[in-house]
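Here is a brisk report on the structure shown below. Keep the sequence and the 3D view open while reading.

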Amino acid sequence: MQKNDTRKTVLIVAALLAAGLFLYIYAAFSPESSRLFPKCIFLQITGVRCPGCGSQRALHALLNGDIAGAFRFNALLVSMIPYLALLTCASMLRTRAPRFYAAVCHPAIICAIFILVILWWILRNVFGW
Amino acid sequence: MSFCPNCGAQLPEGSTFCPNCGQKMTDQPANPVSAPAENPMPAATPAPAAPQPSTRPCPENYLAFAILTTVFCCVPFGVVGIVKAAQVSSKYSAGDYEGAVMASKDAKKWSQIALICGLVVVLIYIIFLVIAAIAA
């Protein structure tokens with residue numbers, strides 16, 4: 001039990017450090033001007049934008065406080081943030097508040113998200129978003 | 001009859017670990033914990049001594065993981081994860097708990113595949129950058 005707890009703590013600290021480094025890199029360097037960031041493999045192979053294209057630039061804009069800019073780079077990512085925050089809380093409280101989790105993860109909501117992602121994928125290629 | 005406190009699967013008598021998710025039954029092996037035991041539900045719920053399928057919490061659907069891999073990993077596998085997450089919730093609300101647990105595993109698997117693909121692409125890109133830097 002003790003050994004497991006130590007391992008868990010080490011893992012959590014490592015994950016926090018990695019997340020911190022990751023956020024620092026995305027805040028400090030712009031994916032538009034730096035060659036440090038990989039381009040979307042799906043876009044390069046197919047020539048079609050994927051639902052995630054622009055998310056690196058959007059993350060850079062968000063970390064620098066530019067919400068409107070982030071929305072222009074990837075509207076889906078920015079629109080999903082409030083729901084993702086709610087979902088994360090709900091999954092952490094899943095065993096303690098199962099009804100809250102069931103409400104947040106209602107099948108209709110997930111279906112709506114699925115349709116939204118597919119629509120976003122099609123429309124952004126049609127209109128060049 | 002007892003249930004795994006982690007995934008809710010039915011346990012054979014005297015199990016020391018869950019055959020479904022591998023969770024160890026270290027706490028009170030003589031008196032296995034049923035899923036809703038530590039669950040401060042309103043008084044309307046049935047007694048924890050008789051666990052009903054509907055009182056077990058919905059299995060984790062990994063929806064946040066699926067959405068994030070869809071947005072960041074540039075492969076369509078995250079979308080499969082979203083579909084599987086929908087199946088977890090719909091099977092759970094239809095009372096098909098075992099089906100929901102299966103869908104939960106699939107949801108995790110597809111998001112992990114998407115994540116691994118994304119990481120492999122990043123790794124190849126970094127190797128490519130290093131080779132280009134050495135050549136230049």
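## Helix H3 of chain A

In H3(A), Ser55(A), Ala58(A), Leu59(A), His60(A) and Ala61(A) are buried. The model is predicted. Just after H3(A) comes Gly65(A), with a positive phi of about 80°.

His60(A) belongs to helix H3, residues 55–63 of chain A. Its relative accessible area is 17%, so His60(A) counts as buried, the cut-off being under 20%. The His60(A) side chain reaches the backbone oxygen of Phe29(A) at 3.1 Å. Leaving out residues up to four places away in sequence, His60(A) touches Tyr26(A), Ala27(A), Ala28(A), Phe29(A), Ser30(A) and Pro31(A).

## Chain A as a whole

Chain A has 7 helices and 0 strands. Along the sequence the pattern reads α-α-α-α-α-α-α. Of the 129 residues in chain A, 33% are buried. Chain A exposes about 8100 Å², and carbon and sulfur atoms supply 71% of that area.

How much of the contact set in chain A, counting separations of 6 or more, comes from residues 24 or more positions apart? The share is 46%. The C-alpha atoms of Ile122(A) and Val48(A) are separated by 9.5 Å, while the two residues are 74 residues apart along the chain. Ile122(A) is partly exposed, at 48% relative accessibility.

## Asn74(A), a buried loop residue

Asn74(A) occupies the loop between helix H4 (67–73) and helix H5 (75–92) of chain A. Is Asn74(A) buried or exposed? Asn74(A) is buried, and its relative accessible area is 0%.

The Asn74(A) side chain reaches two backbone oxygens. One belongs to Pro51(A), at 3.2 Å. The other belongs to Cys53(A), also at 3.2 Å. Beyond its neighbours within four places in sequence, Asn74(A) contacts residues that include Gly52(A), Gly54(A), Ser55(A) and Ala58(A). Trp120(A) and Arg124(A) are also among its contacts.

## The interface between chains A and B

The contact takes 34 residues from chain A and 34 residues from chain B. Together the chains bury about 3000 Å², with 74% of it on carbon and sulfur atoms. Val71(B), Cys74(B) and Tyr125(B) supply 18% of the area that chain B buries against chain A, more than any other three residues.

On the chain B side, helix H1 (63–72), helix H2 (77–93) and helix H3 (97–135) each supply at least two residues. Which of the helices of chain B gives the most to this side? H2(B) does, with 8 residues. By class, the side of chain B that touches chain A has 24 nonpolar, 8 polar and 2 charged residues.

## Salt bridges

Over all chains, the structure holds 3 salt bridges. The interface between chain B and chain A has 1 of them. Arg94(A) pairs with Glu60(B), and their closest N and O atoms are 3.6 Å apart. Arg94(A) lies in the loop between H5 and helix H6 (98–104) of chain A, and Glu60(B) in the loop between strand E2 (10–11) and H1 of chain B, so the pair joins two chains. Both partners are buried. Arg94(A) has a relative accessible area of 11%, and Glu60(B) has 18% relative accessibility.

Chain B contains a network of salt bridges that links Lys84(B), Asp106(B) and Lys109(B). The closest N and O atoms of Lys84(B) and Asp106(B) are 3.6 Å apart. Lys84(B) lies in helix H2 and Asp106(B) in helix H3 of chain B, so this bridge ties together parts that are 22 residues apart in sequence. Asp106(B) also bridges to Lys109(B), with the closest N and O atoms 3.9 Å apart. Those two residues both lie in helix H3 of chain B, 3 residues apart, about one turn of the helix. Lys84(B) is buried at 18%. Asp106(B) is partly exposed at 25%, and Lys109(B) is partly exposed at 40%.

Notes: Residues numbered from 1 in each chain as written. Chains lettered and ligands numbered in written order. Predicted model: local features only at pLDDT ≥ 70, side-chain atom pairs only at ≥ 80, totals over all residues. Heavy atoms only, no water. Helix = DSSP H or I, 4+ residues; strand = E, 2+ residues; numbered from the N terminus. Buried < 20%, exposed > 50% of the residue type's maximum accessible area, 1.4 Å probe, protein only. Contact = heavy atoms within 4.5 Å. Areas by Shrake-Rupley, 256 points an atom, 1.4 Å probe, with all protein chains shown as cover. Polar contact = N/O pair within 3.5 Å; in protein donor to acceptor, adjacent residues only side chain to side chain. Buried area = accessible area lost by both parts, 1.4 Å probe. Salt bridge = Lys/Arg side-chain N within 4 Å of Asp/Glu carboxyl O. Nonpolar A, V, L, I, M, F, W, Y, C, P; charged D, E, K, R; others polar.
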